[in-house]
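These are my notebook entries on one structure. I record below what I looked up and what I found.

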Amino acid sequence: QERAGAAPAAPAADGIFALPYQMKTLDNGLRAIVVRTDTPGVVSLQIPVQTGSRNEVEDGKSGFAHFFEHMMFRGTPTYPADAYQAVIKNAGADQNAYTSSDLTNYYVNFTSADLETMIEVEADRFQNLAYSEEQFRTEALAVKGEYLKNYSNPMLKGFEKLAELAYTTHTYGHTTMGYLADIEDMPNQMAYSKTFFERWYRPEYASVIVVGDVDPSATMAMIERHWGGWERGDYTVEIPVEPPLAGPKYEHIQWAGPTLPYLINAWRGPAFDTRTPDTAALMLLNELYFGPTSELYQQVVVRERWADQFFSQAPMNVDPGLFAVIARLTAPEHAQKVTDAVQATLVRARTEAVDADRLAQTKSRVKYGFAATLDTASSLAATLARFVSYERTPETLNDLYRTFDAVTPAQIIAAANSVFTDSNRASVSIATSDALAGANGFGSIDEVRRLFMSDPV
């Protein structure tokens, strides 16, 4: 919902985000959002940029969205790195950043007295980032070190392999870190780094979110003063469309070091969308069938102890993402039992309507549990940054949960039948042995579902 002016906007009283806010699109395309909260003396500034590994469409150039998460701390002519960090330290601020498939978010939490200083120094680094080739090479080597450290974790290596299996065309086929070959070549890509920054670090792809003990009108004026001169860009790119998954696909990773075995199963799910029930239905399906209170979790983790870690995640990506189910087995011989239990659960999800009372209780628990996390300026701002990154409006959050409230048992079944099909699965197993018996032991979910639906009983 576009609000070009800066007049206070009042979300519906029943919205999960119900605080008034000011939102304005500056002439250069920057989206500014200011929310006043009852958090005396505390402010959070979040700057989500609609640039993640999804944007890395050129061969040999993966990993640059994450790379700039690092480079953005290298300073500017006005505030070199040491001077910038001194400002942050003197303010006693908490600062960091993260990169995902779809966005890069920068945040700083501080006291109200330092509001304009923080708005100013953040605006400066987004508009005037400067670094030498030596600094560039140093950071590129640091990124390689981070990759090697992260991917000494078997589960992260499993997700890297899973992305390669699940995508042949789309940029979700590489993880946020990028391909190792591209990272190794990154020290030679100084010129391209400038190109990437000039393309994506532009106001039309960014939002400035201020939440906390502030005067909204005065804060909006500060944002306009310090960010209004940022030059708009004109770069767009067509993200390749991924064809349907031609699965099932499976690969095993033999791990050289000690590890418990892992099973990672994933199914391609729909893109994030608040206009259809699919995203919300899969969120609920995830909780009902795979969450800690589910029968599957209780069987696999609590009663039988086939796994000591078991979790799942529903897709929430800009483009079709993965519904992943991950189990760390307590012993290799449990692989087939866990696979059978997951398969039986998916058959139920595709064929059996959820009890209406249980669905209502699950909606309430998930929704109000989520709302309870929005109790500080930083947690609220961080949540807004995540959801604002889709369409640059806080109303995305409210739209999602309005759809969530309206999901029916039939819509959950429809979502399950759309996603959990035989050909739509990609699986990875990890163990110290050269194979893991039962890891690829799925029978045909489609066939079991067909027989169930044709059974006259």
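Entry 1. Does Phe126 count as buried or exposed, and why? I find that Phe126 counts as buried because its relative accessibility is 1%. I take buried to mean under 20% relative accessible area, exposed over 50%, and partly exposed in between, with a 1.4 Å probe and protein chains only.

Entry 2. I note that this is a predicted model, in which local features need pLDDT of at least 70 and side-chain atom pairs count only at pLDDT 80 or more, while totals for chains, interfaces and linings use all residues. Residues are numbered from 1 along each chain as its sequence is written, and side-chain values use heavy atoms, with hydrogens and water left out.

Entry 3. Rings of Phe, Tyr and Trp (its six-membered ring) pair if their centres lie within 6.5 Å; planes under 30 degrees apart count as stacked, over 60 as edge-to-face and the rest as tilted. Phe126 and Trp230 are edge-to-face because their planes stand at 70°, with the ring centres 6.0 Å apart. This pair links distant parts of the chain, 104 residues apart: Phe126 is in helix 3 (residues 115-128), and Trp230 is in the loop between helix 8 (216-227) and strand 8. Helices (H or I, at least four residues) and strands (E, at least two) are DSSP runs, numbered from the N terminus. Trp230 also counts as buried, at 5% relative accessibility.

Entry 4. I then examined Trp267 and Phe442, whose ring centres are 6.1 Å apart and whose planes are at 80°, so this pair is edge-to-face. Because Trp267 lies in strand 9 and Phe442 in the loop between strand 12 and helix 16 (445-454), the pair ties together parts 175 residues apart in sequence. Trp267 counts as buried at 0% relative accessibility, and Phe442 counts as buried at 12%.

Entry 5. I turned to strand 12 (residues 425-431), where seven of seven residues are buried. In a regular strand the side chains alternate between the two faces of the sheet. Here both faces are covered: Arg425, Ser427, Ser429 and Ala431 are buried on one side, and Ala426, Val428 and Ile430 on the other.

Entry 6. Gln254 has Ala431 of strand 12 as its bridge partner, and Ile264 stands opposite Val428 in strand 12.

Notes
Two strands pair if DSSP finds at least two bridges between them.
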